[in-house]
Amino acid sequence: MHIAVVGLSHRTAPVEIREKLSIPEQTMETSLQTLRGDEQVLEVSILSTCNRLEIYTLVRHPERGISAISDFLGKHSGLAKEDLSPHLFNYHHDEAVAHLMRVAAGLDSLVLGEGQILSQVKKMVRLGQEHKSMGPILNRLLTQAVSTGKRVRSETNLGTGAVSISSAAVELAQLKLGQSRGEDQLVSLESELVAVVGAGRMSRLLLQHLQAKGCSGVMLLNRTMQRAESLSADFPDLPVECRSLDDLNHCLSTCSLVFTSTAADDPIVDAALLTQLKRRSFLRLIDIGVPRNIASDVAEVPGIEAHDVDDLHEVVSRNQEARQQIAREAEVVLQEETRLFLEWWDSLEAVPTINRLRASLEAIRAEELQKALSRMGPDFSARERKVVEALSKGIINKILHTPVTQLRAPQARPERQEALRVVECLFELDAPQEDG
Ligand SMILES: NC(=O)c1ccc[n+]([C@@H]2O[C@H](COP(=O)([O-])OP(=O)(O)OC[C@H]3O[C@@H](n4cnc5c(N)ncnc54)[C@H](OP(=O)(O)O)[C@@H]3O)[C@@H](O)[C@H]2O)c1
């Protein structure tokens, strides 16, 4: 059995490739079932976010398993092998474990240390458990990744400063506004007529950062009005005008800065829509949706400046230096957590021998108990028989405790294997059956 991860991220693929691989929650069960149907795949779970699609898996054979997952990704995305392969990465065993720990901690994120990734890793665990695609190995690994993400955020300053894709999007708007005025710096958005399309988690963060950056008011559009109204109620100090998504044309005609962050599968704004509108002279669009909410052809429309999630690199790189030092502190925690998991994984080698030892002693216990009980005759009550049985089980458990702990304790592989051989020889345990 081998742990592996296959996928792509903002480091290896542009948004136009990433959006083709995105797996929404509604189709996650089908994807997990398809993957579980492959004879190479023993356990599997999928991390699908705007910046990455990663498939964590336990496979029978590393190369064949990784190839099966890559084939799935090719079919799922509809991309030809030669178009997809250059963007895919794969890691095996300790590298896969170390990669997951980095991802959960936010060290592999576009915005270093952002907090949303931890919720997304938790979601991967929940979906893997709900759809029963994970077994004990991935359960242990992914649960430990979640606790590592929490640990890094509580033991270092990585999580402080409320960093997110949304805060970077607001900063990009400030930077672009500054640049349009000939200043290469972040400027106040006070003068802008701002709209946010979508009322989910990312839009909530957008409103938080817009408020913090001096925005004087926001038009908030959403498919479901009630959700927009409920979100706006959480910002009593920010004037928010809630509108239905049916007013998108009005919004695009009147606003100067529009953020889009909906989970729509297809673009909701394209060049054809924008050219038919009577717009004010200039419109800046910042789209953090993946799949993108704004079609790439809008760049051709005069008076439009459009940015997608990949353009956030420009602001992110300006802020990262200070966070790099904190990231180095986090690496220490990640290395320790990776080592702990790998020690647990190595200790699994002892499990078949321990199980056979336990079964052997249990057989002796059951046989001897049976003989003793038959010698006792009818004078003993059921309660007394139960006491004798519990006594026999207690003795076996006590005898096994120390050797089992020793066999599973962290140690070099040759030493563990030698200890296992000794136990198998002393107790005449049958050789394990090879798994076909
Ligand atoms: N979560 C993250 O960390 C993160 C980071 C960066 C980018 N993103 C991207 O940002 C977008 C929003 O993410 P989120 O986490 O905020 O999602 P979310 O909390 O699930 O909210 C989804 C929003 O999209 C709207 N929506 C869904 N389907 C729609 C459709 N077909 N047409 C119009 N509106 C639709 C929903 O409207 P209703 O209220 O009417 O359902 C809701 O406002 C996604 O594309 C995501 O990939 C997310």
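In which sense do E9 and strand E10 (residues 304-307) pair, and over how many bridges? In this predicted model, the two strands run in the parallel sense and are joined over 4 bridges.

**View 1. Strand E9 and its two partner strands.** On the E10 side, the bridge partner of Ile 286 is His 307. Strand E8 (residues 257-260) also pairs with E9 in the parallel sense, again over 4 bridges, and within that pairing Thr 260 has Asp 287 of E9 as its bridge partner.

**View 2. The burial of strand E9.** Because 5 of the 5 residues of strand E9 (residues 283-287) are buried, the strand is largely enclosed by the rest of the structure. Both of its faces are covered, with Leu 283, Leu 285 and Asp 287 buried on one side and Arg 284 and Ile 286 buried on the other.

View 3. A backbone N or O atom of Ala 199 lies 2.8 Å from a ligand oxygen atom, a polar side-chain atom of Asn 222 lies 2.7 Å from an oxygen atom of the ligand, and an N or O atom in the side chain of Thr 224 is 2.4 Å from an oxygen atom of the ligand. Of the 910 Å² of accessible area that the ligand has on its own, the protein covers 83%.

**View 4. A nonpolar surface patch.** Leu 391, Ile 395 and Ile 399 make a nonpolar surface patch of about 300 Å². Ile 399 belongs to helix H15 (residues 382-408), and it counts as exposed because its relative accessibility is 51%, where the cut-off for exposed is over 50%.

Methods
Residues numbered from 1 in each chain as written. Predicted model: local features only at pLDDT ≥ 70, side-chain atom pairs only at ≥ 80, totals over all residues. Heavy atoms only, no water. Buried < 20%, exposed > 50% of the residue type's maximum accessible area, 1.4 Å probe, protein only. Pairing = 2+ DSSP bridges. Patch = residues over 30% accessible without salt bridge, like charges linked within 9 Å, V, L, I, M, F, W, Y side chains within 5 Å. Areas by Shrake-Rupley, 256 points an atom, 1.4 Å probe, with all protein chains shown as cover. Salt bridge = Lys/Arg side-chain N within 4 Å of Asp/Glu carboxyl O. Polar contact = N/O pair within 3.5 Å; in protein donor to acceptor, adjacent residues only side chain to side chain.
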